[in-house]
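Let us walk through how two parts of one chain meet. Keep the structure in view as you read.

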Amino acid sequence: MTLTIGLTGGIASGKSLVQSQFEALGVPVLDADRVARDVVAPGSPGLAAIAAQFGADFIAADGGLDRRRMREHVFADAAARQRLEAITHPLIRERMRAWRATQRGPYCMLSVAILLEAKMQDMVDRVLLVDAPVELQLARLVERDRIAESLARQMLAAQLSREARLGAAHDVLFNAGEPAAVRQAVASLHRYYLQLAERGDFKAPGLRLPAIENSFTIKI
Ligand code: ADP
C-alpha cells in the first residue's frame, strides 16, 4: 500500500507553495480543489444532483455550476451547506480513493484545504499541516488576494482554529521563514516519508520542522 499524506493548512498558510515543492520532487499530488470542480462539471451526475436538490437556477448559462450563486446561498445557511456537501463530499472521496488506488510509488499526497473540517482524515495515513502564525497568515492573505484587512480577519475567524489544526496533525511544517527554508523543510519531510514508506510504519512519531523564524518581511 502506498503511504498517503494529507496536506492541509489554513488559508494563506502556504499550502500551495508546499504542495508545488513536493510536486517538484516528483511526488504525485491530487489537489482536492480540482476534484471538487470535476465532480460538478457540466453534464456530471454531481451537477444533476445539485440541480435536482437546489433547482435549475443554480446552473449557469454555460451549463456549469453557478458557483457564486451557490456560495451566496450556502454562506449563511448551514443546512443548505450540509445538503450541498452531502452531494459533493462522497463524490470527492470516491475520486480520491480511485486515484489513491492507482498509485504505485512509495508515497502520494492528497492536498485538501478542508481535510479536518470535512473529517477526511480516514482518507490518509498522516496529516501534514502547514502552519503559520495568524498575523503572518493575515499579511499573506491581504497581499495575495488584495483584500481589506478586515475581510481577511473575517475569513480567518471563520476557519478552524490554529490550535485545532495543530492538535490533529501528525507532522507540522512551520512556514514562517524564507521560501528557501520551506524547500529545506520539504526535502526533510520527503526523506522522512520515504523512510516511513520503506519501513511500512506509517504512524511513526511525527516531525515538527521549523522554518527560519522572523526572516519573512511582512508587507501590508
Ligand atoms: P495557501 O495555499 O495556504 O492559501 P499560498 O501557498 O498561496 O497559501 O501562500 C499564501 C501567500 O503567501 C502566497 O502569495 C505565497 O506566495 C506567500 N508565501 C507563502 N509562504 C511564504 C514564505 N515562506 N515566504 C514568502 N512568501 C510566502
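Across the interface of domain 1 and domain 2, three residue pairs are in polar contact, both residues at pLDDT 80 or more. A polar contact is a pair of N or O atoms within 3.5 Å; within protein, one must be able to donate a hydrogen and the other to accept it, and residues adjacent in sequence count only if both atoms are side-chain atoms. This is a predicted model: local features need pLDDT of at least 70, side-chain atom pairs count only at pLDDT 80 or more, and totals for chains, interfaces and linings use all residues. Residues are numbered from 1 along each chain as its sequence is written, and side-chain values use heavy atoms, with hydrogens and water left out.

Now look for charge. One salt bridge is counted between the two domains. The term means a side-chain nitrogen of Lys or Arg within 4 Å of a carboxyl oxygen of Asp or Glu. Arg93 forms a salt bridge with Asp122, and their closest N and O atoms are 2.9 Å apart.

Where do the domains lie in the chain? Domain 1 covers 1–28 + 106–220, and domain 2 covers 33–102. These bounds come from an automatic or database domain assignment. The domain centres, taken over C-alpha atoms, are 25 Å apart. The contact (heavy atoms within 4.5 Å) takes 13 residues from domain 1 and seven from domain 2.

Next comes area. The domains bury about 940 Å² between them, 68% of it on carbon and sulfur atoms. Buried area is the accessible area (1.4 Å probe) that two parts lose on being put together, summed over both. In domain 1, Leu110, Met120 and Met123 lose the most area to domain 2, together 53% of what that side buries.
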